[in-house]
Amino acid sequence: MQRSVDFGHVQVVIDYATGRVRCLIPAEPEPTTAPTASWGSAEHPAGLTVPGGAWCPAAAAALAAVLIIKAAGNRGTAMKRLIGTIRNAASATTRPATREQATASVHAVRRAAWYSPARTGCLEESAAVALLLAMRRRSVIWCHGVAPDPVRLHAWIMTHDGTAAAEPPSTSAYTPVLTIGEHRDTF
């Protein structure tokens, strides 16, 4: 269950069975004509403001389910369990979610995550959104990707028309490595 993305200056290998990520640097760097610098900037909201969106008990339940799935069993197989859960949820859907439904679900899960005592990053939030919408028989595309320079990972929700739900424009810098919820998973 490994996937790899080669950006030239680094090859990123993700093991979806264990959740481990390795960055392989080429033995001999390719010659460049001029040195390049990158500060890897992206917009990320910060602050102590409660996220928008209505309180939704179903969003809190979906987030709790994700946190329990991650915590139950061997820590080394948490990613595998989470991916299996997202796949099972996607298989139970009957109709694509609209942009509005996907965006409202992202906001509802982020609001629930604000009050969570556990770590709730993009992985947990996006998985909870996929579960929340699946409870309503609505499908989205769950994406996990990587961006170079600096290497970073991100998980997000996309609608079937290709729109990233409630994501900043910087999400387009990520190359999807694993997607779940399309007619066939790209794995």
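**Entry 1: ground rules.** I start with a definition: a salt bridge is a side-chain nitrogen of Lys or Arg within 4 Å of a carboxyl oxygen of Asp or Glu. I note that this is a predicted model, where local features need pLDDT of at least 70 and side-chain atom pairs count only at pLDDT 80 or more, while totals for chains, interfaces and linings use all residues. Residues are numbered from 1 along each chain as its sequence is written, and side-chain values use heavy atoms, with hydrogens and water left out.

**Entry 2: salt bridges.** How many salt bridges are there by this rule? I get five. I looked at Asp161 and Arg99, whose closest N and O atoms are 2.6 Å apart in a salt bridge. Asp161 sits in the loop between E7 and strand E8 (175-180), and Arg99 is in helix H3 (residues 99-114), so I have a link between distant parts of the chain, 62 residues apart. Helices (H or I, at least four residues) and strands (E, at least two) are DSSP runs, numbered from the N terminus.

Are these two buried or exposed? My scale is relative accessible area with a 1.4 Å probe and protein chains only: under 20% is buried, over 50% is exposed, and in between is partly exposed. Asp161 is partly exposed at 48%, and Arg99 is partly exposed too, at 45%.

**Entry 3: Arg110 and its partners.** I found Glu125 in a salt bridge with Arg110, closest N and O atoms 3.4 Å apart. Glu125 belongs to helix H4 and Arg110 to helix H3, so this pair ties together parts 15 residues apart in sequence. Glu125 is buried at 17% relative accessibility, while Arg110 is partly exposed at 23%.

Arg110 also meets Glu167 in a salt bridge, 3.1 Å from N to O. Glu167 lies in the loop between E7 and E8, so here Arg110 of helix H3 is tied to a part 57 residues apart from it in sequence. Glu167 counts as buried, with a relative accessible area of 18%.

**Entry 4: Glu124.** Glu124 is in helix H4 and is buried, at 1% relative accessibility. Taking contact as heavy atoms within 4.5 Å, I see Glu124 touching Leu63, Val66, Leu67, Lys70 and Arg119, leaving out residues up to four places away in sequence.

**Entry 5: rings.** Next I looked for aromatic pairs, meaning rings of Phe, Tyr and Trp (its six-membered ring) with centres within 6.5 Å; planes under 30 degrees apart are stacked, over 60 edge-to-face, and the rest tilted. The structure has two such pairs. Trp55 and Tyr115 are edge-to-face, 6.2 Å centre to centre with 80 degrees between the planes. Trp55 is in the loop between E3 and helix H1 (57-71) and Tyr115 in the loop between H3 and H4, so parts 60 residues apart in sequence are tied together. Trp55 is partly exposed, at 48%.

The rings of Trp156 and Tyr174 have centres 6.1 Å apart and planes at 50 degrees, so I note this pair as tilted. Trp156 is in strand E7 and Tyr174 in the loop between E7 and E8, so the pair ties parts 18 residues apart in sequence. Both of these residues, Trp156 and Tyr174, are buried.

Entry 6: On a 1 Å grid over the protein atoms alone, a cavity is a set of points where a 1.4 Å probe fits but cannot get out; a pocket is an open set with protein on both sides within 12 Å along at least five of seven lines, and lining residues have an atom within 4 Å of a point. Grid points are joined across faces, edges and corners, and volume is the space filled by probe spheres set on the points.

The second largest pocket holds about 450 Å³. It has 19 lining residues, and Gly19, Lys70, Met79, Leu123 and Glu124 are the closest to its centre.

My search of the whole structure gives one cavity of 30 Å³ or more. The largest cavity has about 70 Å³ of space. Its lining includes Ile86, Thr93, Arg138 and Trp142. Which element gives the largest share of that lining? H2 does, with three residues.
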